[in-house]
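This report looks at pockets and at paired charged side chains. Keep the sequence and the model at hand while reading.

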Amino acid sequence: MRIDKRKVVLVGCGMVGMSYAYCLLNQTACDELVLIDVNQKKAMGEAMDLNHGLAFAPSNMEIYGGSYEDCRNADLVVICAGVAQKPGETRLALLKRNAQVFRSVIEPVTRSGFNGIFLVATNPVDIMTRITCQLSGFNPGRVLGSGTALDTARLRYLLGEYLQVDPKNVHAYVMGEHGDSEFVPWSQAMAATIPILNLCREGEQGISRSKLQEIAGQVKRAAYEIIDAKQATYYGIGMALTRITRAVLGDENSVITVSAMLKGEYGQRDVFAGVPCVINGNGIRRVLELSLTEEELKQFATSCGTLRESFEGVLQE
């Protein structure tokens with residue numbers, strides 16, 4: 001009989017948080033789920049609503065509204081709290097508004113005795129993840145953000161559609177900031193084991209570099225288009241967070257593009273950015289260093305420079 005429970009605490013019961021919670025329930029990604037929100041009544045109501053669907057779920061889960069004290073023995077604390085991105089607003093413009101929210105979240109979580117892993121989804125996620133790491137004092141390996149996991153999924157979906165290949169068989173990444181300076185290292189993009197740039201050179205089914213650049217632009221604009229159409233994005237990121245959660249709680253050693261602290265990889269230090277990482281029960285086992293071209297390294301350096309500039313002085317304000 002299993003005694004050990006996979007426990008997740010979700011902080012922030014907005015649309016992103018609850019899309020994540022709903023996905024956790026449908027994939028039975030944990031055994032115990034605690035909901036925390038500044039509006040405690042809302043957290044209780046959301047827990048009640050999810051519990052009413054347990055009869056239709058794949059297996060049982062314990063779901064309830066709680067407090068920061070419940071973080072004490074959690075495996076994972078997932079932070080979705082924050083103010084929403086406005087139509088036309090860049091992720092970096094959210095920084096000052098959400099930094100203040102995090103000051104009120106991280107301290108009570110750590111005070112509870114929490115010794116697990118932080119997963120951050122709040123935008124701008126790379127900077128908010130760095131703030132979480134600094135405020136908590138945790139080892140950077142145990143603090144990760146959703147990074148470019150969703151951007152990478154968007155890329156694979158669009159490439160799969162263009163190449164007429166199952167997205168699961170497309171191996172390509174979006175790296176850098178989860179935002180305007182992100183980029184696609186096309187030198188590392190593969191359809192199964194075939195480099196996609198080779199398909200361009202061979203003129204395979206009309207595949208062209210210009211179309212690839214168009215797809216990269218679509219990935220970058222996706223969030224803005226969704227926000228313009230329906231005010232917010234939440235289903236995709238909810239599923240991305242669930243995928244990361246499964247990798248952590250299942251000790252999978254899976255490769256996912258999360259926001260991680262760089263310690264010399266790609267020539268960058270002391271910055272959190274979206275990079276392919278091996279994720280397991282300890283958080284970030286290691287950052288995978290892809291063989292980027294000189295131009296791609298420049299793009300990555302530019303993106304990291306943007307993130308550094310935005311982070312400077314945030315915690316001192």
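Does Lys5 count as buried, partly exposed or exposed, and why? Lys5 counts as partly exposed because its relative accessibility is 39%, and partly exposed covers the range between under 20% (buried) and over 50% (exposed). The model is a predicted one.

**Salt bridges**

Side chains of opposite charge can pair when their charged atoms come close. In the whole structure, a search finds eight salt bridges. Three of them are listed here.

| Pair | N to O distance |
|---|---|
| Lys5 and Glu62 | 2.8 Å |
| Arg6 and Asp31 | 3.1 Å |
| Glu107 and Arg111 | 2.3 Å |

The side chain of Lys5 meets that of Glu62 in a salt bridge. This pair links distant parts of the chain, with Lys5 in the segment before β1 (7–11) and Glu62 in strand β3 (residues 62–65), 57 residues apart. Glu62 has a relative accessibility of 35%, so Glu62 counts as partly exposed.

Arg6 forms a salt bridge with Asp31.

Glu107 forms a salt bridge with Arg111. Both residues lie in helix α3, four residues apart, which is about one turn of the helix. Glu107 counts as partly exposed because its relative accessibility is 41%. Arg111 is exposed because its relative accessible area is 56%.

**The largest pocket**

Which residues lie nearest the centre of the largest pocket? They are Val16, Cys80, Gly82, Val83 and Ala84, out of 38 residues that line the pocket. The space in the largest pocket is about 700 Å³. At least two lining residues come from each of α1 (15–27), α3 (95–111), α5 (149–163) and α7 (209–230). The largest share, four residues, is supplied by α3. Sorted by class, the lining of the largest pocket holds 21 nonpolar, 14 polar and three charged residues.

**The second largest pocket**

The second largest pocket has a volume of about 520 Å³. Its lining is made of 17 residues, and Ala149, Thr152, Ala153, Arg156 and Arg243 are the closest to the centre. Each of α5, α8 (235–249) and β10 (254–263) supplies at least two residues of this lining. The largest share of the lining of the second largest pocket is five residues, from α5. By class, this lining has 10 nonpolar, four polar and three charged residues.

Methods:
Residues numbered from 1 in each chain as written. Predicted model: local features only at pLDDT ≥ 70, side-chain atom pairs only at ≥ 80, totals over all residues. Heavy atoms only, no water. 1 Å grid on protein atoms, 1.4 Å probe; cavity = no way out; pocket = protein on both sides within 12 Å on 5 of 7 lines; lining within 4 Å. Points joined across faces, edges and corners; volume = space filled by probe spheres on them. Nonpolar A, V, L, I, M, F, W, Y, C, P; charged D, E, K, R; others polar. Salt bridge = Lys/Arg side-chain N within 4 Å of Asp/Glu carboxyl O. Buried < 20%, exposed > 50% of the residue type's maximum accessible area, 1.4 Å probe, protein only.
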